Amino acid sequence: MAQPFQPTGIHGLTREMIQAFMAMFDKASAGAIAVDRDTRITWINDRYCQLLGVHAPDVIGKPVRRVIPQSRMPEVVASGDPLLLDIMEHQNQQLVVTRLPYFDPDGAVIGAIACVLYDDLQPLTPLVSKYRRLHQDLMAARKALARKARSTRYSLSDFIGASPGALDVKRRARLAAGRDMPVLLLGETGTGKEVLAQAIHSGSARAERPFVAVNVAAIPDNLLEAEFFGVTAGAYTGADRNRTGRFQLANGGTLFLDEVGDMPLSLQAKLLRALQEGEVEPLGSSTVTPVDVRVIAATSRDLGTMVAEGAFRSDLYYRLNVMEITVPPLRERLADLGVLCEAFLGDMGVGPGARADITDSGIAALSGYDWPGNIRELRNVLERALTMDEGDGLLDAEAIFRVLPSQSGKAAFRLAARPIKPLSKTVAEAEARAIEEALVASRGNRSQAAKLLGISRSVLYDKLSRVS
Ligand SMILES: Nc1ncnc2c1ncn2[C@@H]1O[C@H](COP(=O)(O)OP(=O)(O)OP(=O)(O)O)[C@@H](O)[C@H]1O
C-alpha cells in the first residue's frame, strides 16, 4: 500500500530532495535554476539559458541578480521562505515563477531553486490580461508622474516685474531661450533665479524634454558624484541596484545647477569633463554614456572672487558663463513692488469671491524695508499679513508693519522722514525716473528705451513731451 505523504518537519526541503526534483523541473518547466547560499548560480538548465539568451558556462558562479536583475532568489535565501507563485518581468516577458529554499540537516538555508512554470502566459490568459492591464496603467501613471516632476512650472510671463532692471533680465532671458548655450544666473537668494531657469527652458527648443534641477548646496559632498552621474550596482559601489544620475535624467533637456558655487573642487573637475566630452561615466562603471544636456547654473555667491581665490575652477567658470544674467535684488527695483503684490495677493484668496489687496500706504511701508530674502520674503510677508488681518483682506501700512521683521523700525523712520505727497505726483515722478533710467540704459535711443519700458514709441514721445 502507498505510504501517505509526510511533510519533512521544520527543516523543509533538503539538498537530496531538491536533487530529486531537479530532473522533474528540468523536464517539465520552461526553465530552472539553482543558487547557493551566497545567491551565486550553481546550476541552470538549457531551456532557461535559451530563454535568458545566455550560455551556462558564462553565468555559473555569478550572483543571480547580475544575470536576472529582477530575480527574488536573494529574498528566498535570506528569509528561508518559498515564493510559490510570482510573475517576474524579464526583457518585456512575463514569466510565472516558483522559488523554493533548501536546507542542510541543521535547518540552515544553503540555497534555493526556481523554476519558470510558464513563459507563455496563454494558459493564464484571464488572470494575466488583468495583470497586464494593471501593469500598463501603472507604467503610464509612473511615466506621467516622472514627466510632471521633470517639467517646468514657470514661463517668462511668470517672472513679474516692469522696472528697467526686471525688463532687462527678461530681455536677456528671452535671448538665452533662443540660443542653446550655457547660462549663468547671478543674484541674491529669492530673486527668482529658478523661475528664470525654468522660463528659459520652457521658451527653448528643449521645452518638451526634461528640466532637472539639482541644488548642489542641499546634497552632502560625498553623495554629489552619484547624484550627478549615477551608480552601477556591484561590489565596488556596494549598491544593489543601478541608479540613474541627474545628467542622464536631463538628457535632451536642461540641467539646472542651483548654488553651483557650493560645488567641491573635485566634482568641478568631473563636471567640466562631462560638459566638454558630452558623456558621463556612472560610479562603478567602465562604460561611458553620451549625454546631450544644456546647463543653466545659478549662484548667490561671488564666483569671480571665488575663481581669484582658487575656490572655483576658472575653466569651469568660463564654460558655464557663456551668457550671464544678473538678477537685481528687490531693494534695487522697488518699483516692482506694486505689480508683485498684485500678483501674489491675487493668488492668495481670502474667502469666497473676495480678493486680497494692498493700499498705497501698505506699498509705501513695504518699500522702506531692505528685503534680504527678496521676492520669496515679500511673498511670505504678504501671506503673514493676510493671516494676521482680521479685516476684509485689504492690507494697509499698519498691517504690513505688524509682520515686517524688526528692520521695519528703520522703514518707519525712513517713511516718516519722507514727506507725503499726492499720489498722482509720486506716480508722475516715478514715471519720469523710469523714463530717464530707460534713456540712460539705451544711451538715448528712444526706440530701445520704449522697448525697455514695455510701451510703444509714440506713447514714450507723448510722455516725454509732457515731462519737458
Ligand atoms: N520675478 C518674480 N516673479 C514672480 N515670482 C517670483 C519672482 N522672483 C521670485 N519669485 C518667487 O519667489 C520665490 C523664490 O524664487 P526662486 O526660487 O526662483 O529664487 P532663487 O533666486 O532661485 O532663490 P535661491 O537662490 O534661494 O534658490 C518663488 O516662490 C518664486 O515663485
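Strand E1 (residues 32-36) and strand E5 (residues 109-118) pair in the antiparallel sense over five bridges, where two strands count as paired if DSSP finds at least two bridges between them. Within this pairing, the partner of alanine 34 is isoleucine 113 in E5. Strands (E, at least two residues) and helices (H or I, at least four) are DSSP runs numbered from the N terminus.

This is a predicted model, in which local features need pLDDT of at least 70 and side-chain atom pairs count only at pLDDT 80 or more, while totals for chains, interfaces and linings use all residues. Residues are numbered from 1 along each chain as its sequence is written.

**The antiparallel sheet**

E1 and E5 belong to an open sheet of five strands with the order E2-E1-E5-E4-E3 and antiparallel pairing. Strand E2 (41-44) and strand E3 (83-90) stand at its edges with a single partner strand each, so one side of each is left without a neighbour in the sheet. Neighbouring strands here are turned by 25° against each other on average, direction ignored. E3 and E4 run antiparallel and are joined by six bridges, with leucine 83 standing opposite arginine 99 in E4. The hairpin of E3 and E4 has two residues between the strands, and glutamine 91 takes a positive phi near 45° in it. Helix H1 (residues 15-28) lies across E1, strand E4 (93-103) and E5, and runs at about 20° to E5.

**The parallel sheet**

Another open sheet of five strands has the order E7-E8-E11-E6-E12, with parallel pairing. Its edge strands are strand E7 (211-215) and strand E12 (323-326), each of which pairs on one side only. In this sheet, neighbouring strands are turned by 15° against each other on average, direction ignored. E6 and E12 run parallel and are joined by four bridges, and valine 183 stands opposite methionine 323 in E12. Helix H7 lies across E6 and E12, running at about 155° to E12.

**Two helix pairs**

Axes are lines fitted to C-alpha atoms, for helices over the stretch in contact, and angles run from 0 to 180 degrees between N-to-C directions.

| Helix pair | Angle | Axis distance |
|---|---|---|
| H14 (residues 337-347) and H15 (residues 360-367) | about 115° | 10 Å |
| H7 (residues 164-178) and H8 (residues 193-202) | about 40° | 8 Å |

Residues are in contact if their C-beta atoms, placed from the backbone, lie within 7 Å. In the pair of H14 and H15, Leu337, Gly338 and Cys341 of H14 meet Ile363, Leu366 and Ser367 of H15. By class, that contact has four nonpolar, two polar and no charged residues; Ala, Val, Leu, Ile, Met, Phe, Trp, Tyr, Cys and Pro count as nonpolar, Asp, Glu, Lys and Arg as charged, and the others, Gly among them, as polar. In the pair of H7 and H8, the contact is made by Val169, Ala173, Ala176 and Ala177 of H7 and Leu196, Ala199 and Ile200 of H8, and its residues divide into seven nonpolar, no polar and no charged.

**Confidence**

The chain averages a pLDDT of 85, and 89% of the residues score at least 70, where pLDDT is the predictor's confidence in each residue, from 0 to 100. Confidence is highest in strand E6 (residues 183-186), at a mean of 97, and lowest in helix H18 (residues 408-417), at 44. Where pLDDT is low, the predicted coordinates should not be read in detail.

Technical notes
Contact = placed C-beta atoms within 7 Å.
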